[in-house]
Amino acid sequence: MRRVRGTGGAPGVALGRFRWQAAQTQHRNSAAQSPQQELSDFARAQQQVAQELQGLADACRREGRGEAAALLEVHALLLADEDFVAAVHAGIAAGADAAQAVQAAGEAMAAQLAALEDDYLQARAGDVRDVAGRLLDALAGRTADAVPEEPFILVAEDLLPSACIRLRDAPLLGIALQGGSPLGHTAILARGMGIPAVFGLGEAIGPDCDGQEALLDGGQGELLLDPDDAARAAFRAQQESAGNLAALRGLPDETRDGRRLDILCSIAAPQDCRAVLENDGRGVGLLRSEMFFLTCGTPPEEEQQLRAYGEVVRQMAGRRVVIRLMDMGADKQAALLPLPPEENPALGLRGVRLCLAQPQMLHTQLRAICRASAEGPVALLLPMVTSPEEVRACRDRLQEVQVELRREGFAFDAQMEVGVMIETPAAVLIAPELAQAADFFSIGTNDLAQYILACDRQAPSGRQMDAHHPAVFRAMRMAAEAAHGAGIRVGVCGEMGTDAALLPFLLEIGVDEVTVPPSAVLPLRGALREMDAKRACNP
Ligand code: PEP
Ligand code: MG
């Protein structure tokens, strides 16, 4: 047995076999690389897609699906088409990054084919888009690795949020990463999916671990390779004690002396609703809608979004659902939105700024959210706000959408609340003004700590920021005071909300609700119900 220490990424324990996953690359919105680097990224993506297509074609032939195999072989030819490759190279030479050049070349070629008289050639436009989409996926790091059918623990250098979402339906037991950051969105997604994760394991794990058995403890942030009998027995005991939490289902979220603190859930997709209900969350306090955009090749249409939001609202059956506007940017780069390069994406066009800069996408999303509000209690949440003008601009767009929907005869909740995320220092400093413009506050401690402490939340484990810094606590207190001064509710939706040790502080500053991953609801409820609010707030 070998013990390897890392950092906890997501709590829980898992016992299973390792499967190594090769490195992925992030779709970048950061400073452009050199043209040589872009050309080599493109060449690597071409090679990856060629192998992918060949593998799929071989599988089709083995299964006797010759027609499908032939189509995949046509796609492989398109991938190497001289005109297409020359157009991508020309785009890169003109300053585009590889993804932008592929998208532009693919669209130009598809448009040319679609304009031809010949039906057969017209139909090839779809094939070109398909190939370009595969290349964009490869450039965005969405590896097409075959997902194992047997339960497995994924081992990798790092894992992109979009790749993590794609593993949602896989028999994934746990995640072990050489790098990774506990405050990054991969960790947040893993917690939401209830998948234990350990990050920062460095060179202690690698491709040679493939197939090895391991016991992963996300709470302790450690791995046991080839665990012995005693470790296995401890694992079973831990699983049983987790089962005891079920007794807390159905009980109120309150302290012994009756102080209430509602515990809601953060989710990324309709599939997560099951975990919310199983863990008896009071509702969805944060639907990170951008996760839906990250896995789409083109901006999701209104009906597509409505299906997703509507499903969440229906599954919550009367419990509150807070849908956050797409919060893209920084580590959540979407291939569907190739943006000009930025030196510092975390300080760039992201959150509500990006929403307002993409009026068509904002309009479509607002229409879908409004229409979902006809099916149950829905609130809208604005990410990364820094000024009341941004809130007013969003309210104006919302009003326009409501007028339009009314004219078209669609039902919606005209009283839908509009909340503001408090996750920038500016939002804290002008919280009293923002509270006049908002219906509720939701404190996003992940970004708030990052920006207050000028410390990258994406930094590798070991160089993490101390989110328990007095400046972060003071900022939270200021936001809560401003909210209550204006008579609106305040919640905490960052990862700090999962820390039971902070409950006395949250009660003291008067937080009304916390939003945590589904798996954290019952442990937090248990801790809350053992506390005495009066004593905790005045020790
Ligand atoms: C936060 O910043 O605390 C938050 C909840 O939003 P996200 O983690 O998605 O940036
Ligand atoms: Mg945030």
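The largest cavity is the space taken by ligand 1. The model in which this space is found is a predicted one. The volume of the largest cavity is about 80 Å³, and the structure has 9 cavities of 30 Å³ or more.

The lining of the largest cavity consists of 16 residues. Nearest to its centre are Arg 288, Arg 324, Met 421, Glu 423 and Asn 446. Sorted by class, the lining has 8 charged, 5 polar and 3 nonpolar residues. Strand 10 and helix 17 are the elements that contribute two or more residues to the lining of the largest cavity. Of these, helix 17 gives the most, with 3 residues.

Now turn to the ligand itself. Ligand 1 is surrounded by 16 residues, and the closest are Arg 288, Arg 324, Gly 444, Asn 446 and Arg 457. The shell around ligand 1 is made up of 7 charged, 5 polar and 4 nonpolar residues. At least two residues of this shell come from each of three elements: helix 7, which spans 185-193, strand 10, which spans 283-288, and helix 17, which spans 445-452. Helix 17 makes the greatest contribution to the shell around ligand 1, again with 3 residues.

For Arg 457, a polar side-chain atom is found 2.9 Å from an oxygen atom of the ligand. Thr 445 takes part through its backbone, with an N or O atom that lies 3.1 Å from an oxygen atom of ligand 1. On its own, ligand 1 has 290 Å² of accessible area, and the protein covers 100% of it.

The next space to look at is the second largest cavity, which holds about 70 Å³. Its lining is formed by Ile 188, Leu 189, Gly 192, Met 193, Ser 266, Ile 267, Ala 268, Asp 272 and Arg 288.

Where does the lining of the second largest cavity come from? Helix 7 and strand 9, the latter spanning 262-267, each provide at least two of its residues. The largest share belongs to helix 7, with 4 residues. By class, the lining of the second largest cavity has 5 nonpolar, 2 polar and 2 charged residues.

Key: Residues are numbered from 1 along each chain as its sequence is written. Chains are lettered from A and ligands numbered from 1 in the order in which they are written. Side-chain values use heavy atoms; hydrogens and water are left out. A residue is near a molecule or strand if one of its heavy atoms lies within 4 Å of it. A polar contact is a pair of N or O atoms within 3.5 Å; within protein, one must be able to donate a hydrogen and the other to accept it, and residues adjacent in sequence count only if both atoms are side-chain atoms. Accessible areas come from the Shrake-Rupley method with a 1.4 Å probe; for residues, only the protein chains shown count as cover. On a 1 Å grid over the protein atoms alone, a cavity is a set of points where a 1.4 Å probe fits but cannot get out, and a pocket is an open set with protein on both sides within 12 Å along at least five of seven lines; lining residues have an atom within 4 Å of a point. A molecule sits in a cavity or pocket if more than half of its atoms lie within 2 Å of its grid points. Ala, Val, Leu, Ile, Met, Phe, Trp, Tyr, Cys and Pro count as nonpolar, Asp, Glu, Lys and Arg as charged, and the others, Gly among them, as polar. Grid points are joined across faces, edges and corners, and a volume is the space filled by probe spheres set on the points.
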